[in-house]
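The following exercises ask the reader to examine a chain fold step by step. Each task is followed by a worked solution.

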Amino acid sequence: MVSFGFTDGQQLVFSLEIRKEQHESFSAIGGFFRQFEQVIIAADEQDIIRTRSNARQEDVYLYRLVMTQPQLRTLFLGYLETAESLRKTPQFYNTLSSNCTTIVFDLARQIAPNIPLDHRLLLSGHFAEYAYDFGALTPGYSYTELKARGYINPRTQQIPLESKLAPALQCIGTNSSPGR
């Protein structure tokens, strides 16, 4: 997931996911055999984070990317273009080659065409370490420290549903706004 913050304080998250039909449940094996179509979800940050951390009980980490405004704009527009492309021409999810990690890498290549391929791009959950190794996460901390600071499940589970997440998550990263 990648979250974009706007000057009005709103956060919009993009996430590439499988489009499950009612009778389907996720299977990594099924992801190798064209069982699921891809979809890009654009959602309010609080909704999607709580879905992952509270409802699904998934581990959620929040990291701040080091990017310029033009790079952020390119990444944001890339998500919109990819979503529109999937709307016009559906594609299958692939556990290794077309998943939530590879889409971020593909869009990052629009900004930095020479970033190298890496085995961590093939498995979901390892992109943050890859980004850290290339200086794309908050500087001044080890990856272990960023990961520990970025683990947000305990905080999201303590926040009442009617409250906004952003103020409670401001302690992440090196400045006063949430890490993204």
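Helices (H or I, at least four residues) and strands (E, at least two) are DSSP runs, numbered from the N terminus. The model is a predicted one, in which local features need pLDDT of at least 70 and side-chain atom pairs count only at pLDDT 80 or more, while totals for chains, interfaces and linings use all residues. Residues are numbered from 1 along each chain as its sequence is written, and side-chain values use heavy atoms, with hydrogens and water left out.

**Exercise 1. State which secondary structure the protein chain contains and in what pattern.**

Step 1. The protein chain has seven helices and three strands.
Step 2. Along the sequence, these follow the pattern β-β-α-β-α-α-α-α-α-α.
Step 3. Of the 180 residues in the protein chain, 38% are buried.

**Exercise 2. Work out how the three strands are arranged.**

Step 1. Two strands pair if DSSP finds at least two bridges between them.
Step 2. The three strands form an open sheet with the order S1-S2-S3 and antiparallel pairing. Strand S1 (2-5) and strand S3 (37-44) are at the edges with a single partner strand each, so one side of each has no neighbour in the sheet. From one strand to the next, the twist averages 25°.
Step 3. Four bridges pair S1 with S2 in the antiparallel sense; valine 2 has phenylalanine 14 of S2 as its bridge partner. Five residues separate the strands in this hairpin, where glycine 9 takes a positive phi near 90°.
Step 4. Strand S2 (residues 11-19) is joined to S3 by eight bridges, again antiparallel. Here arginine 19 has glutamate 37 of S3 as its bridge partner.
Step 5. Seven of the nine residues of S2 are buried, and the strand is mostly covered.

**Exercise 3. Describe the packing of H3 and H4, and what covers H4.**

Step 1. Two packed helices are described by the angle between their axes and the distance between the axes. Axes are lines fitted to C-alpha atoms, for helices over the stretch in contact, and angles run from 0 to 180 degrees between N-to-C directions.
Step 2. The axes of helix H3 (residues 69-88) and helix H4 (residues 100-111) come within 9 Å, crossing at roughly 130°. H3 is therefore oblique to H4, since angles under 35 degrees count as roughly parallel, over 145 as roughly antiparallel, 65 to 115 as roughly perpendicular and the rest as oblique.
Step 3. Contact means heavy atoms within 4.5 Å. On H3 the contact residues are Gln71, Thr74, Leu75, Gly78, Tyr79 and Thr82, and on H4 they are Ile103, Val104, Leu107, Gln110 and Ile111.
Step 4. The buried residues of H4 include Thr101, Phe105 and Ala108. Their cover includes S1, S2, S3, H3 and helix H5 (127-133).

Key: Buried < 20%, exposed > 50% of the residue type's maximum accessible area, 1.4 Å probe, protein only.
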